[in-house]
Amino acid sequence: MPESFTIAVFSENKAGLLQRVTSSFTRRKINIESLTVSESEVPGIHRYTIVVDSLDEDGVIKVCAALEKQVDVQKAFYYRDTDIVYREIALYKVRSDSMTEGSPALAIVDKHHARILSVEPEFTVIQKTGRREQTAALFDELEPYGILEFVRSGRVAISRPMKELKTYLEELAVASTH
Amino acid sequence: MSTSTKPKAKEKPTTERITGAEAVVRCLIAEGVDVMFGYPGGAIMPVYDELYKYQKDIHHVLVRHEQGATHMAQGFARASGRVGVALATSGPGATNLITGVADAMIDSTPMVCITGQVPKHLLGSDAFQETDVMGISIPVSKWGFQITDASEIPEVFAKAFYVAKAGRPGPVVIDITKNAQFGEFDFSYEKCTSISTYVPRPILDEAKLKEAAELINNAKKPYILFGQGVILSEAEAELKALVEKTGIPSAWTIMGLSAMDTDHPLNVGMLGMHGNYGPNVNINECDVMIAIGMRFDDRVTGNLEKFAKQAKVIHIEIDRAEIDKNVKTDVAIHGDAKEAMATLLPMLNENKHESWLQEFKDCDKVEFEKVIDAECNPTTDEMTMGETIKELNKITGGNAIIVTDVGQHQMVACRYADFRQTKSNITSGGLGTMGFGLPAAIGAKLGAPERDVICVVGDGGIQMTIEELGVILQTDVHVKILLLNNEFLGMVRQWQQLFFDKRYASTEMVNPNFQLIAEAYSIKCNKIDQRKDLVGALTEMMETDGAYLLEVMVGKENNVFPMVPAGAAVADIKLEP
């Protein structure tokens, strides 16, 4: 039964690389559940965090091998959910008149440890950071009070193993001149 | 100027102020390019203007269609072992390259394709002859880069040539906007010798090699399957030494043809859908399988669930993504085939496997009686493709480069052609690109001018790139074209006969007069339909100084056997319909 895997791809940020990365998935008709690109702790190295939930481990290994063979890709790792600490961020826009002091909607926000990000005369923006099911649970509870707009980021994840990216890159640099 | 070693610290390489277009040509010269293939157009004109100035250094072959340029570059690369170069303009020029790029990708051919592009300020504006060539080529190329400033040219070209050839070779696409071709900058060139993100030659794992040696030394029925990786890593001598020391029967994939002598006593023949009988059925008899520089293509494995399940599998492969992709390995040796075999050799015991080898010979006997005899010594009135190739062998001695197109003639040529030297088989193995043969043969002849180059082609395939006869005329390339004409798209017709109840949908060809076409291009030619004329006609083709087209009319509805039906197990190979 396919489970959720998080793939971390490290590369220099070059034009066209995103297409090389995504085409490794699209040509195998693998749907990307979420994709986040950001800097990493190593200057000049970007990190793609990709979540897939339609593959078994063998399929994930093959995709990682296909990603890693790309000339500009340094490393590609895959993780089970237990191998990482991960979060998503969700924003909810609701009517301000439903968020008055003592209102049930406000109580829901408190219960979920969500933050009020911005209060305007007409609307209020709520922020919730957490796992998918947590941000979804808040959505479900707020929905009866009217959600005007909703957005959720892709997953960001930190791996549990202690080996640093820098070490991998040093090993790679040595191997590249063999 | 350019050096292959890094300049000493603080020592600045000398520079010259030149245009981007001139820099392109200077980069090519620095990379040793003396032949390239291309077609001019608006967005690449500055580079052509420089090629005019440097025509003593680089022979630019004017093709008739950009697809031809890529296949010529591929043929050149495969025959010479060097990087092939193709040049085209933007838009349709660039899109016409794509089939060749995809072909080079799947067959690991080192090639650099250069395309012109609209000026940077027009990118994305749907300008005349603008196309997103990077977007189109990324999924089918090893690497690519769009240059929008002249100063990027030296570094990108150095990297392109390095990437094309390093590790598992492949095609690279460089797109250059017109403003970058006109722009001036201070030029200097330094070859690329490594890229920090790319490992071309993985460091071998000694423990894995020992494990492999142990398996091989204790095997009762070891079996070597080798592919083009042997040719690409120039490991022919290492393979021969390994095979001879261990006495292991060895079979080649279609891309591995010519890496060993056809008649080597331990060369048991060809794998694959239309390969030999013994090599296929014995996949399911061996106890240790040693795959070297090959990728277990589906045309080799058939049904993976019934492929070598009884065997321990050792896979020597430079591309990590190929290991465990199709066939699960017991011992994965990730590395260069030459280095791996050289390291492995001293660990292996001398051995002989006479009774095991005899099993292959017994299969050969069956295949000869059921298939080969009728194909190569026919008693029917109709000529066969097999007898034509067999007679050709007698004349060439197996020393010619055989370039094929795609289809029945390709399978027959690969089955029956003799090979005495490496880099002698040039075919579109992975992509199966009809139209590959003629331009690839032209490129091969320019890549190995001292060798005879024979293009074996069908009546369907030749018409896909027949315009390249114009290159033979204009450039005087001495290729021999052996046109095996069955007036059908024969391989598709064979499948229609076997799997679609003989419903010959769109496979019968009404052909032009190929003799008149050859004459129109001033190419000497002949057409035969009688067996008695075959030897004389082949001899005349080979003895004629210059290009030649020999058209041999063969049986219209002959089939290629043996055959592993698509999706069937290799052991279920059919010797007859």
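Two strands are taken as paired if DSSP finds at least two bridges between them. The model described here is predicted.

## Strand pairing in chain A

Strand β5 of chain A covers residues 84–95. Its pairing with strand β9 (residues 156–159) of chain A is antiparallel and consists of 4 bridges. Here S159(A) of β9(A) lies opposite I84(A).

β5(A) also pairs with strand β7 (residues 123–130) of chain A; the two run antiparallel and are joined by 8 bridges. In this pairing, K128(A) of β7(A) is opposite A90(A). A further antiparallel pairing links β5(A) to strand β8 (residues 147–152) of chain A through 5 bridges. Y92(A) has F150(A) as its bridge partner in β8(A).

## Domains of chain A

Chain A has two assigned domains. Domain 1 is made of two segments, 3–84 and 156–169, while domain 2 takes in 87–152. Taken over C-alpha atoms, the centres of domain 1 of chain A and domain 2 of chain A are 31 Å apart.

## Overall form of chain B

Chain B contains 22 helices and 20 strands. The C-alpha trace of chain B extends about 70 × 65 × 40 Å along its principal axes.

How much of chain B is buried? Of the 577 residues in chain B, 57% are buried. For this count, a buried residue has 20 or more other C-beta atoms within 10 Å of its own. Among contacts in chain B with a separation of 6 or more, 77% are between residues 24 or more positions apart.

## Contact between the chains

The contact between the chains involves 22 residues of chain B and 21 residues of chain A. On the chain B side, α6 (133–137) and β6 (143–147) each contribute at least two residues. Which element gives the most to this side of chain B? That element is β6(B), with 3 residues.

By residue class, the side of chain B that touches chain A comprises 11 nonpolar, 6 polar and 5 charged residues.

Terms used:
Residues are numbered from 1 along each chain as its sequence is written. Chains are lettered from A and ligands numbered from 1 in the order in which they are written. This is a predicted model: local features need pLDDT of at least 70, side-chain atom pairs count only at pLDDT 80 or more; totals for chains, interfaces and linings use all residues. Domain bounds come from an automatic or database domain assignment. Two residues are in contact if their C-beta atoms, placed from the backbone, lie within 7 Å. Ala, Val, Leu, Ile, Met, Phe, Trp, Tyr, Cys and Pro count as nonpolar, Asp, Glu, Lys and Arg as charged, and the others, Gly among them, as polar. A residue is buried if 20 or more other C-beta atoms lie within 10 Å of its own, exposed if 12 or fewer, and partly exposed in between; C-beta atoms are placed from the backbone.
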